[in-house]
Amino acid sequence: MILVTGGSGQLGSELRNLLDEKKIEYIAPSSKELNITDEKSVLQYIQKLKPSAIYHCAAYTAVDAAEDEGKKLNYLVNDEGTKNMAKAAAKIDAVIVYISTDYVFDGNLTDGEYAVDAETNPLNEYGKAKLAGEKAIQTFASKYYIIRTSWVFGKYGKNFVFTMQRLAKQYPKITVVADQFGRPTWTRTLAEFMTYVVENHADYGVYHLSNDSTCTWYEFASEILKNENTEVEPITSEQFPQKATRPTHSIMDLSKAKSIGFEIPTWQKALSEMLKSVN
């Protein structure tokens, strides 16, 4: 039996869809059925279910709100909740897959890519809480995969792709930040990698997974809207201030994921496939 937390979210929905396709049995409890922030109930639930693998997709992802009004909930879910899941997984000897973020890095790397063992230094509260979650997994779980990802988009839930499409319907011209570099990630590619490491018994540890090729948010937006009549104009991060500081260069090295035989499509191909699936 497989356990999926956060099953109604953007990634969890994609993962459930993939598991359905693979005809793999799983259970995806709601947050009411499994409150990951309650250590005692997490332990009871998992000891009763005894899953062989736990895909821990539940997360607090409101990056800007995490700086102030959501700060407490951010740490409660991403740090404490993950700690509870890691302890419970270890108790029943289950594999746990934890999704982390490029925001564990400060973005000061001006050249090259962040290796899986690169020094972490998060700039915002969300990144700090996700890094604390990584450390909880490494401390309490014995069989784990920590998968850092970035710029996630997909057909379920809110994300950058749908935001750009909505703005394009409302305005003839939109401005997008052109000085932050990274790699977009299709939830489908990420879900496939999550199941790939578990099913192929890959070495436990930290992996980086996004789609291949790099871009700025401006380039990403331009590709999303290339068939629309909306003008996309590049601006600087200074012109678009946000509460949470984002790393300017968060390109992560994908060589470890590739080395275990996983084929990674480019973000352009992934975006095209995702848009086809929506339309």
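Predicted model: local features only at pLDDT ≥ 70, side-chain atom pairs only at ≥ 80, totals over all residues.
## Strand β4: burial

Strand β4 spans residues 95–101. The strand is mostly covered, with seven of its seven residues buried.

In a regular strand, side chains alternate between the two faces of the sheet. Both faces of β4 are covered. On one side lie V95, V97, I99 and T101, and on the other I96, Y98 and S100. Every one of these residues is buried.

## Strand β4: partners

β4 pairs with strand β3 (residues 53–56) through four bridges. The two strands run parallel. Y55 has V97 of β4 as its bridge partner.

β4 also pairs with strand β5 (residues 144–149), here through six bridges. This pairing is parallel too. T101 stands opposite T149 in β5. Both V97 and T101 belong to one side of β4, and both are buried.

## Helices α7 and α9

Helix α7 (residues 217–224) packs with helix α9 (residues 267–278). The angle is about 40 degrees, and the axes are 11 Å apart. α7 is therefore oblique to α9. Their crossing is right-handed.

Residues from both helices make the contact. α7 contributes E219, F220, E223 and I224. α9 contributes W267, Q268 and L271.

Note on methods
Residues numbered from 1 in each chain as written. Heavy atoms only, no water. Buried < 20%, exposed > 50% of the residue type's maximum accessible area, 1.4 Å probe, protein only. Pairing = 2+ DSSP bridges. Axes fitted to C-alpha atoms, helices over the stretch in contact; angles between N-to-C directions. Parallel < 35°, antiparallel > 145°, perpendicular 65-115°, else oblique. Left-handed = near helix turned anticlockwise from the far one by under 90°. Contact = heavy atoms within 4.5 Å.
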